Each structure stands twice: as structure tokens, then as C-alpha cells.
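Try each task before reading its solution.

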Amino acid sequence: MMKMLSESMTHVAQRTRLAGGVMLLSAAALFAMHEARAELPPVQTQGSVQYVMGGIGSDESESIKQAMSQYSLALIFASPRQGGDAAYMANVQVGIEKKGGAKVLDVKADGPYLLVKLEPGTYTVRADADGKSQTRDVTVKAGGSTQIRFDWKD
């Protein structure tokens, strides 16, 4: 009788461990599904330039922030408000020209972030929003990432 009870307890312990393992795998699968939803927006190409834009929503914004180091130029568009807060902007027309005037990118950013893979060199970036233009010169270096923030004040 004791032997049967001991064997029964062993089977219960094994089933408990198995159920725990299944629960752990289920939790891992749910986490992976959540991470999959936070994917980077699709990479787009114009000429030989690859870029990613977006950042609407916290998941997409976080995925873009994590990818910034993989792009030689990261542009951020915002409108500071009274009190120090900033509202991120979308629908910003962006033009990038290489020194000498050759246009390399002309897009309307559909979110507050635009990540661009550019060859090392000097570029002029023009951003137009709300009827106002801003222009910045930037030097892109090999193996690095340069970040520029454009602010449109109310």
C-alpha cells in the first residue's frame, strides 16, 4: 500500500512539474507575441537610400528608438509646449541633399521619427511643417549615428 501511495505521489509531482513547464512556455509565447507587435515599421527605399519612419504609439516609438543606432541619421520632429512638454509631429515634408545639391531623399514623414541610412558625407536637411521650414547642415560619419531634432514652437 505504501509503495502504491509513493508511486502515486511521484506521478502527481511529475504532472505538477509538467503543468508548470507548460504554463512557463505559454507565458514565454505571450511575451514573444507582445514583442512581435512592437516591430519596426517596414524599411522603405528611395533611390539607394533606405529609411524607416513612424513612431505613432508607444510600442512603435520604442522599436524605432531601439533601432536608431543602426541608421546613420535619426530625425525627430516635435512641437514644444508651454510647461516643457513636447507634442511629437507627423506629416513633416523632409528633403535631404548631399553637399553639391544632389537630392538623396524627399519624403513626407508619417510620424515623429525618420531614420535614414546615408553614406558618410555632408548633407543639408530641410524639414517643412505647419508652413514653416527649417534647414540644418549635418555631417554623417562612418560607423556612427547622428541625431537631429526639429522643433516647431506654437
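Buried means under 20% relative accessible area, exposed over 50%, and partly exposed in between, with a 1.4 Å probe and protein chains only. This is a predicted model, in which local features need pLDDT of at least 70, side-chain atom pairs count only at pLDDT 80 or more, and totals for chains, interfaces and linings use all residues. Residues are numbered from 1 along each chain as its sequence is written, and side-chain values use heavy atoms, with hydrogens and water left out.

**Exercise 1.** Is L73 buried or exposed?

*Solution.* Start by locating L73 in strand β3, residues 73-80; strands (E, at least two residues) are DSSP runs, numbered from the N terminus. L73 counts as buried because its relative accessibility is 0%. Next, list its contacts (heavy atoms within 4.5 Å): leaving aside neighbours within four places in sequence, they include I96, L114, V125, V138 and I148.

**Exercise 2.** Find the order of the strands in the open sheet of four strands.

*Solution.* Begin with β5 (residues 92-98), which six bridges join to β6 (residues 103-109), running antiparallel. Here V92 has A109 as its bridge partner. Then turn to β8 (residues 121-129), also joined to β5 by six antiparallel bridges; Q93 stands opposite D128 there. Two strands pair if DSSP finds at least two bridges between them. The edge strands, β6 and β9 (132-140), each pair on one side only.

**Exercise 3.** Which residue takes a positive phi in the hairpin of β5 and β6?

*Solution.* Look at the four residues between the strands: G100 has a positive phi near 110 degrees.
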